[in-house]
Amino acid sequence: MKISKEKFGQAFDALVADYKVIAPVSDGSGIAFTEVKSFSDVKQDYLNSKLPPKAFFFPQHEKLMSYKKEGKDVTVKSELKVENTILFGIRPCDAKGMLLLDKVFKNDQYTDPYYYERREKAVIIGLGCTKIAPTCFCSSFEISPAGSEGSDLFLIDLGDSYEVEVVTEKGKALADRLALAELTADEQALVDKIKSAETPSKIDVSNTTSKLDKMFNSPYWDTLQEKCLGCNVCSFSCPTCHCFDISEEVCKNEGTRVRTWDACMAPLFTLHGSGHNPRDNKKARWRQRLMHKFNYFVHNNGSMSCVGCGRCIKSCPVNMDIRQVVDGANKAELVVE
Amino acid sequence: MSQNKIGSVLIVGAGIAGIQAALDLAESGYLVHLVEESSAIGGTMPMLDKTFPTNDCSMCILSPKLVECGRHLNVRTYTNSQVVRTEGEAGNFKVTIKQKARYIDLEKCTGCGACAEACPVKVDDEFNQGLGKRKAAFKQYSQAFPNAYGIDEQNCLYQTRGKAKGKDICLKCVKACQAGAIDHHMEDKEFEVEVGSMILNPGFKIFDAASLDYYGYGKIKSVITSLEFERLLSASGPFDGHLVRPFDKKEPQKIAWIQCVGSRNAKIGNNYCSGVCCMYAIKEAVIAKEHSHIPVDTTIFYMDMRTPGKDFEKYYNNAKNQQGVNFIRSRVYEVTEAKDDSGDAVIRYSTEDGQILTDQFDLVVLSVGLEPGDSSKELAKLLDLKVNKYGFAELEPLSGVNTSKEGIFAAGAFSGPRDIPETVMQASAAAGSASALLAEERGTLVSEKEYPPEMDVAGDIIRTGVFICHCGVNIGSVVNVPSVVEYAKTLPTVAYATDKIYACSQDAQASIKALISEQKLNRIVVSSCSPRTHEPLFQETLKEAGLNAHLFDMANIRDQCSWVHMNQPEQATEKAKDLTKLAIVRASMQQQTQPIFMDMNHAALVIGGGVAGMTSALSLADQGYEVHLVEKDSALGGVARRFSTGFRGEDMKAFVAELIEKVSNHANIKLHVGVGIKDVGGFLGNFTTTLENGEQIAHGVALLTIGGQEYKPNEYLYGQDERVMTQIEMDEAIYNHDPKVEGAKNFVFIQCVGSRTIENPYCSRTCCTKSVKLALKMKKKNPAANVFVLYRDMRTYSYFEEDYEEARRIGIIFVRYSENAKPVVSKEGDTLLVTVNDHVLDRPIEIETDVLCLAAAIKAPADGKKLSKWFKIPLNAEGFFLEAHMKLRPVDFSTDGVFMAGIAHSPKNMEEVIAQAKAAAGRAGVALSKDQVESAGLNAFVNKRKCTACGTCEAVCSAKAITVDQVNRVAVVNDALCKGCGACASSCRCGALSLRGCTNEQIVEMLNSL
Amino acid sequence: MNNIINDMRDKARQLLAEGKVDVVIGYEKGSLPLKATPFFAHSPAEVDSLIWDETCENNLATYVAKTPGKKAIVAKGCDSRALAVLLQENQLVRDDLYIIGVSCAGVIDQRKIVAEVGEILEAGINDGKISVKGMAGDKEYLFAEVKDATCQTCRYPNPVLEDVHLGETIAVSQEAPAFADVIALEEKSAGERQDYFKEQMSKCIRCYACRNACPLCYCQECFVDCNSPRWLTGGVNRAENLFFQAGRVLHLAGRCVDCGACTRACPQGVDIRALNRKMTKDVYTMYNHEAGISEDGKPALNEYTTSDPEQFLVKE
Amino acid sequence: MGEIQVEAENKKYEPKIAAFLCNWCSYAGADLAGVGRVQYPATIRTIRVPCSGRINPLYVLKAMANGADGVLVSGCHPGDCHYISGNYVARRKFALIKSLLNHVGLEEDRISFSWVSAAEGIRFAEVVKGVTERVSALGPNNGIFKVVDDGGAAADE
């Protein structure tokens, strides 16, 4: 099925009345997902955003509740506000990333209301990639640059129109508001071609998890981390990183309990109140990062926690390239203990 | 001397000298009786605006001392009092003191000022030199101690008109005083105290300028005295620091100073130089320029510019060259009133070349000299002390501070005019001397307060008690006190809040104590007046209740709220609430803080065995301390060994020999002669010095008395002709009957050789007097001799003016030369020729001479740099030691436990060296008298986990109290040295350093609660 | 360039072989075009990875204090100035440090190229010309056209501190520091400046790449991370972002060596340097002080003169 | 009508100014103003510190972030410092923080620094008056440092 861009634009502008619509916008120094009021504000031709869209479900700094003391009385208030939201233009890697985050925030043991309420009320309109950046390597993880997994509704840019794929019930509800037409044979051929594309850059992760099982004490970690600055760029720009810190922010007679992104690369992340820090060196922190993404997460959730979006590669101030790191781990000699 | 010594000292006069001596003695274990004639301590300093040469605010540097002295447990201050009788001898005197009725009970008066407001009588205010008015119920000045009012019985309506007749006239003050402090039936009383020694510092009076009618003072309104001018400049003066003429409030644009009014005047019998007027005139001129928002033209009419003190010459040069103060070398004939009705004054004067000129000024300031006060004269008479012809006390030669009576010492202007640092030096010297005299009685009469054991409240739930003071009506009439109490009750940690009529009253203290135990309060906040005056009082109450004194804070809702927002009761109440809240936040985060004690080594190290070092060593040894005297030269005595006579004719050779003998035979002195120092480490109470021979000396304090060096001239053919010699060389030649000098008929002295130059921009202080003395010796020996002194300014300060006057009288010829036309010395054949331009004749004159004596400069010691590194002490630009404070700490270094005396501090004469040496010993004695080194505990502290050892703290610490331990990579605070300023904490980027009582957490929490 | 690289490898090989150092910190070719990446050579066998060219943008001084043992470091002018400050601040032991000095004509500002040609697919540097194949087109640049802003005003292309110098030194024509960039901002109205910084600060995501890339941000615990007192929350909003950035530049005032590492590290393109440069200008004009130009100097805020300017006082 | 109301509101506005005063000079100067009953606006909230050298530049930022309308910092005149050089050390910090905040567009008059001696009671009052007037003219702090409640959203503004 397909829809012309013109018609899609009209439908998009109508949706703005019912939904908070988030879409890619150029902010001068790159692409950012921002609330828009009109399709004309949306950047059509882009590789991907600087930061992943995870913040719409899992904000960087989120008030969980607030409290206020007046005289000797204390009042407590919930801070959760949720709106019906459409996320438009989500790339397949990021859409897959959201599925991975779902595993963290809604699972057998626990459902995080803050995350999940937002997630439930959001519709993801994915947009397939027709151009592939040199840092993209999603194909390593069985993600197709034009794959619809994770989207509710999935589009592929065909020039004047979009190919439309309804993926979920939520997607169908939206699709019902679109005047869809059938694809021509040429268009179908183009779609097939786009869908069959792979990222030129790929890493082999077939044996990585099992290799890492045996690598906790490997000397590989000793030198791997030397050039890492320990900043939080890779974590903050990762669509699947989800570590956070909960703190009380008290000022005057009021306070709030807030949840803030944290990162495994920050030394303070694991610092205990006692002063003890179980991961008090970069080596331990880097091991944790790689293990978590390619080993622990696999064991816990059945999938690797990397989607090959390449943001961490692009943003790293010292050009630390996760592809090389994984490759290095694959090749590292095992120490016989 | 009495065998029955008493460990207490009487101090007469509570100016800066009295205060310093009292603090030194009380701190070293003696009970002090401080007698002051007026109603408050402070003396002259509170009247001054700024002090030279640093332009420090006089009140700012004095007021901490006032508070310290006033509150000292072992200083008993008697104001409105004088000594009326004495008997006994050194070691044991009985002194009768008469205290006049104040009519206000010091115990009850809270200093609120309601009486003065109510008092209807206005009289001239003596403190403001009569430029403003005060009431009959008055306090001398706002920072005065005791912080209490008094009633002037000469002017009070009730005292003058009602009391005798039994009529209730006026008594408005009684009604106004809510504290019930006023007692019009108080009577004068006499009482006796027993003391072992006396220190007299009754101060001076200023010369009565009206007695010289040609200056027009008292007749012409625009002619004022320099002290009046100080009050005009002072921000707390009658015109709030606006520089205006008192009579018409016009801002003066052209001001003149006339120097030597009442000084250097043999005709009126004041044949001495007052020593301070040149500097204060320059200072006043500079400050006047700074003060006024319109350009001010300032001119100083002078005879010789006498700026021989430390850094004075630089101040003079700066005033002349940078600030644009005009200096006119002249003689003033008269001052007359301008004919143009402007109220201005006209000065008629002659310049050096004989021209007679007139000039008109908006304001003429008379630089009045210093004279002995009437009470000084009475005191000298009462004690039968030797006085000189001017009425100043005459000190024993080369003693610095000894009067003619054993056990009685003098400081300050009692024995002659002197400036503040010299006065403070003498005060410490007198205290040291009294301490030496009474050493065995140290600690016998002092008392120490006992407190109940301190409760440990660490970890307890914080229960803050809040007390809001009405201060009679002072706070309560503006701030809604009950609403502040109610507000406080709602704040976190507050367990109890109430109001008090006078929080500082005795009953309020008792109630606070009771509430601490009843309510289990473990933090106390008082919202009342200024913590600067009252914090110690409340902290005392906490201690008496068994609470640590630091679990406390004050909110100043009077001085900084009700008094300054009188017409805004609502806003003032809001502010009072906020200030109270801030205090509660700070107090609730206060921790129990203990004073920190460290061991004190009671030995002293004296470096340098000249007169200064030996004098200091002897004084300290007499005070009972072990002294190590180190001299790198092979013999003791220093440069004084080369002097024949002192400035008052003393036999220096005998004096030095006697001194050497005394130090050599003193049981408490260990000599280390002929050996230098290799290294020094440590700090107050715990120094270790390693000598070059490897010997290690442990000591608690160090005195640096390393002298200076004589400049070796490379001008005036010195070194090329043996008839050209320095002053010391000439002195030696005379002593040794050198034929070069013995047979000479013509003598020329050239002054300022190597001094007052661009390279050495300071005056060597002693050379003018020394040349005059040498010239007199030659001229008296051979009246036919031709003696010339070539000078720039004759700086024969103080009584040395007499010598200068005598020298001129008996025919010694003084020729002035200017800096840019120095004399030229040449040789024609064997004839030594000196050519100089005569200013009066304005032509060069040529003098043949047999002896050319050069007044070579005194230069800083060569070893100063080494000591500077070892002891972490600063040097000034010329390499002399830099004291902690130019005015009030003239022998202390900023590094605790290190003191200085003698030439290494700055050039000075022998008498002054001795006074300073005794002062250094006195100050060192204060430190050594402590069993332990104590610090209040509100110190910087380090969080080792956060410290990166970057050294920023070390760089910014002026007390040198922080060092970085490079092995453990952490900054270490030396609690003995830390002064608690917090500069380190605010400079520490890592947040590793903080300050007890003012932590980052406290400040941030206070900001959060705003 | 090739000679320098050979000399560098020889020197590194020699130092490691003779056991004079445990590690040589330099650069190797990065995984992306026009990118070099910091490289730690622990054995003579590894030294052939060392490179030196206009892509060597990281300030390696950042690593020195954190790397244990004896180390050699390849230092440009700005790296060496940072080393000088670190030495002044007791962060390094000079005897444990061997400085391989190289003169630096500047590094490439990749962002400028990406903005024009899109993501870079391939690139080469030849004879001062940079030819780029990008996703949005190809282009050839003269080095001067894409020189990093920091390097354009650099007065210290040659190391101020070194144990050996490789290659030729670069002549410096500029006598006094130029602050045209700062002045341009100063000349704007307060409102315009406020708008500018509001915009900049709203981009910041508080990832602390700037802080961590900075050779002189070495606190154990940064004030932003401190819980007691809590200077600021973890809130990512422009007000607190500015608190962080302003606090950081105040901590760097008189110490910042203007290497530009913070700005290059920023993934969001925040103009952090605009703040640091202002402080650098003030410190230079008010105290005639430049940070890290000798081993024995002092940071500007560690000292004072009695005549320091006082324009900051309230108008009365 | 509208204008009158604005004026009335403006009149009601009383800024809150955090004042850091050093114990030995400026706090004493403030006391002296009280002794002399010199009237000035009730706008400052004093935090007494031992020395102006104690003032961490972050305090100024913190006060602004917390929404104080102004900050006044006052210490001893250079040369008068009770601790010898505390205010000299502070002076460089003050110069830089003032300049930096000005540079980022904070209104110049929000932050004031002055030296007030223990003898300058009247001047202290004048300083507070001047600072109050200038801060009042600016209106409440809604400047670039003031943290505003963002409702917990990740994106700013």
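In chain D, 4 strands form an open sheet whose order is β2-β1-β3-β4, with parallel pairing; strands and helices here are DSSP runs, numbered from the N terminus, with strands (E) of at least two residues and helices (H or I) of at least four, and two strands pair if DSSP finds at least two bridges between them. This is a predicted model, in which local features need pLDDT of at least 70 and side-chain atom pairs count only at pLDDT 80 or more, while totals for chains, interfaces and linings use all residues. Residues are numbered from 1 along each chain as its sequence is written, and chains are lettered from A and ligands numbered from 1 in the order in which they are written.

At the edges of the sheet in chain D stand β2 (44-49) and β4 (111-115), each with a single partner strand, so one side of each is left without a neighbour in the sheet. From one strand to the next the twist averages 20°, where axes are lines fitted to C-alpha atoms, for helices over the stretch in contact, and angles run from 0 to 180 degrees between N-to-C directions. Strand β3 (residues 70-75) of chain D pairs with β4(D) in the parallel sense over 5 bridges, and D:V71 has D:I111 in β4(D) as its bridge partner. Across β3 and β4 of chain D lies helix α4 (residues 86-103), which runs at about 155° to β4(D).

Chain B also holds an open sheet, with 5 strands in the order β5-β2-β1-β13-β23 and parallel pairing. Its edges are β5 (75-78) and β23 (408-410) of chain B, and because each has a single partner strand, one side of each is left without a neighbour in the sheet. Strand β13 (residues 197-200) of chain B pairs with β23(B) in the parallel sense over 3 bridges, and B:M198 stands opposite B:I408 in β23(B).

Which chain do residues of chain A contact? The partner is chain C, with 31 residues of chain A in contact with 29 residues of chain C; two residues are in contact if their C-beta atoms, placed from the backbone, lie within 7 Å. On the side of chain A that touches chain C, α8 (233-236), β10 (244-251) and β11 (254-261) of chain A each supply at least two residues, and the largest share, 3 residues, comes from β10(A).

Within chain C, the domain assignment, which is automatic or from a database, gives domain 1 (1-107 + 155-172), domain 2 (110-146) and domain 3 (176-308). Taken over C-alpha atoms, the centres of domain 1 and domain 2 of chain C are separated by 26 Å, and their contact takes 4 residues from domain 1 and 7 residues from domain 2.
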